[in-house]
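User: I have a model open here and would like to talk through its fold. Can you start with the sheet?

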2 protein chains.
Amino acid sequence: MDSKQIRLTETVKKGGCAAKLPASDLRKALADLKLQKNKNLIVGTDTLDDAALWHLGGDQLLIQTLDFFTPIVDDPEDFGAIAAANAISDVYAMGGKPITALSILAFPTEHLSLDVLGSLMKGAVSKIEESGAVLAGGHTIDDETLKLGFSVSGLVCKNKAWTNAGAKPGDVLILTKGLGTGTITTALKIREAKEKSVIAVIESMKQLNRVPELIAQHSVNAATDITGFGLAGHSMQVALASGVSFEIWADALPEIEGARASIEDEMLNRAHRTNEKYVSETVIYDSVSDTNHWLTLDPQTSGGLLLSVPENDSKKILDQIRPFFKLSTIIGRVIEKGKHPVVFKKTHSF
Amino acid sequence: MDSKQIRLTETVKKGGCAAKLPASDLRKALADLKLQKNKNLIVGTDTLDDAALWHLGGDQLLIQTLDFFTPIVDDPEDFGAIAAANAISDVYAMGGKPITALSILAFPTEHLSLDVLGSLMKGAVSKIEESGAVLAGGHTIDDETLKLGFSVSGLVCKNKAWTNAGAKPGDVLILTKGLGTGTITTALKIREAKEKSVIAVIESMKQLNRVPELIAQHSVNAATDITGFGLAGHSMQVALASGVSFEIWADALPEIEGARASIEDEMLNRAHRTNEKYVSETVIYDSVSDTNHWLTLDPQTSGGLLLSVPENDSKKILDQIRPFFKLSTIIGRVIEKGKHPVVFKKTHSF
């Protein structure tokens, strides 16, 4: 087997975060699970899907997160880099600094050569070390289809941690990357993606969300990274946790080159539908085009950070991150809690 | 689908730690991988298969480990408990105290009802909380076959951490659980296991390796937990890391009820063979029966701890752990480094 000739995306049925179990199913299955409280667990999670914060003592908090998925691109080194960048992203979303990563690898030895395994880890290690962390271990099993991910730990000072619960009315919302990884990788899998879009989506997914290193950490009131539940699902979670409402402007949403065109070509997957269902009772759309509607539901892999920041600081923050995140832009604002946690409008109403 | 009627072991081809990728393959695939050094990473791992130690500052060390596998028993709650006990075990093997667990779950929604998912996590949470840790998050994907595991973190004081590098000539070797999870679960899968053995193996795998809480931590010179590579593979790793040799007495090895009989019925799996290959150049057998030979190679899931302790302390330690670990016993001794890291003899030669 020659690793150069294998298209990883053709070895699996479900790609990337699209293979995530629907949030509603997970919540239902775990409804009866009673978890003990622990005073050191500053941030846990009811949906079992985000980073946790554990108080180590003094003002030091340990950030812990874990993510893994099937290939969404064809090149093993790219996939390794994306899997690592995606897992590390949750540490950045808490305002932290990554320290260690443990690999989670399910590898089909019957279908793929061990060279592919080496390339996957080479790509992953490059991103882990770019983040300043180290690969400290992991576990590998023989399995039918390839899955790769990482359990990542990070550190953050107690008073500098970003959570999803601090967004305040008057804040503006900044998104740091373009949307569209779901639709473009869906097209890629069936060889319908434009080459320019493929290059752009791989570059975007490989980019580390190193925002906490670029800006003053105290200027961010709330943050999350946009992943499987899409912009709509994750912004809903932040708005609910913060007890506010978000107004987001659909026309202002940055896209990875060709994402809207890909949606117009009906390149949607199962997660688009489950995300639509997930937010159906809490997110409303006011005069938003069909294309933009699906863009807000597009499941992201290694998506951007959504930052809620005071309006007065927003220009400075954009100046600091734009050299690295060229598509970063203001996409909406935080308002007093209304009937719906998130309202998507066509354009901004300042 | 009724979760009571589903035999989880029939839903997969390879069970438990037996599905682990052979160590030699992994080493070969990762031979070209160059990892950066980091002064805070006190213990990393070349084979990517053990717990890591990270210096948090002061005298506090963070222990990090990760393990997951396919079902090796039929009941979802039992499997959840075993998967958790197995993952937590590495924290105990470093002399530490578990703090958090993140779940790693691949769930076949097409074949299993969501009730099964709830039962898996119920069993897991019971063990996580029994250990004093909390379930702090995780990730779940839709997949062809069920896999469950945990990324577990723990804490240990710098001068109290157990590693596999401290065994000293003059020490004796204590094994805390019986061997035989590989052969008995192989028989279970094809309905050839005796009921008594099934009950005993499930009880053994569910038991937490809470040894650090029972004994004086400073009295242990080296420790590891016996998992996929069997007693032979893991004792070889400890002997090599410590720069000593081990003499282990095959007749003294404790077994889970019926393990030797199961081996005599030829209930062996692929991991027995790969483990044989893994140790073929470093471990020798002197007048050891075929049955005991395979018992030393039996891949363990949630196996016991192997402790290297000064002979003078060994009686006290056994007195402290035997009320909880009834099969715990002295199985060998540490000698000056010889030609082979591990020599299995028929009986002890004191």
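Analyst: Chain B has an open sheet of seven strands in the order S8-S11-S7-S12-S9-S13-S10, with mixed pairing. Strands here are DSSP runs of E of at least two residues, helices are runs of H or I of at least four, both numbered from the N terminus, and two strands pair if DSSP finds at least two bridges between them.

User: Which are the edge strands of chain B?

Analyst: Strand S8 (222-225) and strand S10 (283-286) of chain B, each of which pairs on one side only.

User: How are neighbouring strands turned against each other?

Analyst: By 25° on average, direction ignored. Axes are lines fitted to C-alpha atoms, for helices over the stretch in contact, and angles run from 0 to 180 degrees between N-to-C directions.

User: In what sense do S8(B) and S11 of chain B pair?

Analyst: Antiparallel, over four bridges, with S11 covering residues 305-310 of chain B. B:Ala223 stands opposite B:Leu307 in S11(B).

User: Which helix packs on the sheet?

Analyst: Helix H7 (residues 230-242) of chain B, which touches S8, S9 (245-249), S10, S11, S12 (329-335) and S13 (342-345) of chain B. The direction of H7 makes about 135° with that of S13(B). Contact means heavy atoms within 4.5 Å.

User: Before I go on, what sort of model is this?

Analyst: It is a predicted model: local features need pLDDT of at least 70, side-chain atom pairs count only at pLDDT 80 or more, and totals for chains, interfaces and linings use all residues. Residues are numbered from 1 along each chain as its sequence is written, chains are lettered from A and ligands numbered from 1 in the order written, and side-chain values use heavy atoms, without hydrogens and water.

User: What are the scores?

Analyst: ipTM is 0.89 and pTM 0.91. Chain A averages a pLDDT (the predictor's confidence in each residue, from 0 to 100) of 91, and 94% of its residues score at least 70.
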